[in-house]
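Subject: Structure for your review

Dear colleague,

Please find below the structure that I am handing over to you. I would be grateful if you read the notes that follow with the structure open beside them.

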Amino acid sequence: MSPLSQPSAMSWEAFKALVRERAQHWRVFGLPGRWQVLQELKELQRLQEALGADARPASDRFPILYLATLDDGWGHGLDVIEAAARAVGVRTVRLGLLCSAEHILDACRRRPPDVLGLTILHAETEPIVSAVVQGLTSGVTVLAEGPVFGIPTLRHAPA
């Protein structure tokens, strides 16, 4: 992605179109390596921040995303998810690596997020994911992803 010469002249709608264009490019041609993805997301975040407060929606209009791993001590997936969320203005809170269900649920009870993102490496973690989902207040969307799923799994806390 080439940087735009005058990001301050860009509108919010133009920025959203640029994000959609990048996402479509990745869908069609596949994701580049992790470092390239992080660089492209960093550039999107720079453009988003350069828009200025007057051009962007108020930060409280964006969802709050909590991020945690259950069985991953590296958190490379969280790095990419967090960078993508921040690039488009989502407020993020990283709960940590190798988190217990209790740690995640305590944080979610104190201040419920709009979305809880979990990275999962092993199928044996499914009972912990279920315990987290069952323990959440209604209205929290859980996005669990990782190689064990093949594709992201979207769940909603029970009503």
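Read along the sequence, the chain runs in the order α-α-β-α-β-α-β-α-β-β, with five helices and five strands in total. Please keep in mind that this is a predicted model. Of the 159 residues in the chain, 38% are buried. Among contacts between residues at least 6 apart in sequence, 70% join residues at least 24 apart.

Helices H1 and H2

I begin with the helix pairs. Two packed helices are described by the angle between their axes and the distance between the axes. For H1 and H2, the axes come within 11 Å and cross at roughly 170°. An angle over 145 degrees counts as roughly antiparallel, and H1 and H2 are therefore roughly antiparallel to each other. On the H1 side, the contact is made by Trp-12, Phe-15, Leu-18, Val-19, Arg-22 and Trp-26. On the H2 side, Val-37, Glu-40, Leu-41, Leu-44, Leu-47 and Gln-48 take part. By class, this contact of H1 with H2 has nine nonpolar, one polar and two charged residues.

Helices H2 and H3

Helix H2 (residues 34-50) also meets helix H3 (residues 76-87): their axes come within 8 Å and cross at roughly 25°. Since angles under 35 degrees count as roughly parallel, H2 and H3 are roughly parallel to each other. The crossing of H2 past H3 is left-handed. From H2, the residues in contact are Arg-34, Val-37, Leu-38, Leu-41, Leu-44, Gln-45 and Gln-48. From H3, they are His-76, Asp-79, Val-80, Ala-83, Ala-84, Arg-86 and Ala-87. Sorted by class, the contact of H2 with H3 has eight nonpolar, three polar and three charged residues.

Aromatic rings

Next come the aromatic rings, where the structure holds two pairs. A pair of aromatic rings is described by the distance of the centres and the angle of the planes. Trp-12 and Phe-62 form an edge-to-face pair, with 5.8 Å from centre to centre and 75° between the planes. This pair links distant parts of the chain, as its two residues are 50 residues apart. Trp-12 lies in helix H1 (residues 12-29), whereas Phe-62 lies in the loop between H2 and strand S1 (64-69). Are these two residues buried or exposed? Buried means under 20% relative accessible area. Trp-12 has a relative accessibility of 14% and therefore counts as buried. Phe-62 has a relative accessible area of 13%, so Phe-62 is buried as well. Ring pairs join Trp-12, Phe-15 and Phe-62 into a cluster.

Two individual residues

Glu-49 is part of helix H2 and, at 46% relative accessibility, counts as partly exposed. Glu-49 and Val-88 are 39 residues apart in sequence, and their C-alpha atoms are 9.2 Å apart in space.

Leu-98 sits in the loop between strand S2 (91-96) and helix H4 (101-110). What is the phi of Leu-98? The phi value is near 50°, which is positive in a residue other than glycine. With a relative accessible area of 53%, Leu-98 is exposed, because the cut-off for exposed is over 50%.

Yours sincerely,
A colleague

Key
Residues are numbered from 1 along each chain as its sequence is written. This is a predicted model: local features need pLDDT of at least 70, side-chain atom pairs count only at pLDDT 80 or more; totals for chains, interfaces and linings use all residues. Side-chain values use heavy atoms; hydrogens and water are left out. Axes are lines fitted to C-alpha atoms, for helices over the stretch in contact, and angles run from 0 to 180 degrees between N-to-C directions. Helices (H or I, at least four residues) and strands (E, at least two) are DSSP runs, numbered from the N terminus. Angles under 35 degrees count as roughly parallel, over 145 as roughly antiparallel, 65 to 115 as roughly perpendicular and the rest as oblique. A crossing is left-handed if the near helix is turned anticlockwise from the far one by less than a right angle, and right-handed if clockwise. Contact means heavy atoms within 4.5 Å. Ala, Val, Leu, Ile, Met, Phe, Trp, Tyr, Cys and Pro count as nonpolar, Asp, Glu, Lys and Arg as charged, and the others, Gly among them, as polar. Rings of Phe, Tyr and Trp (its six-membered ring) pair if their centres lie within 6.5 Å; planes under 30 degrees apart count as stacked, over 60 as edge-to-face and the rest as tilted. Buried means under 20% relative accessible area, exposed over 50%, partly exposed in between (1.4 Å probe, protein chains only).
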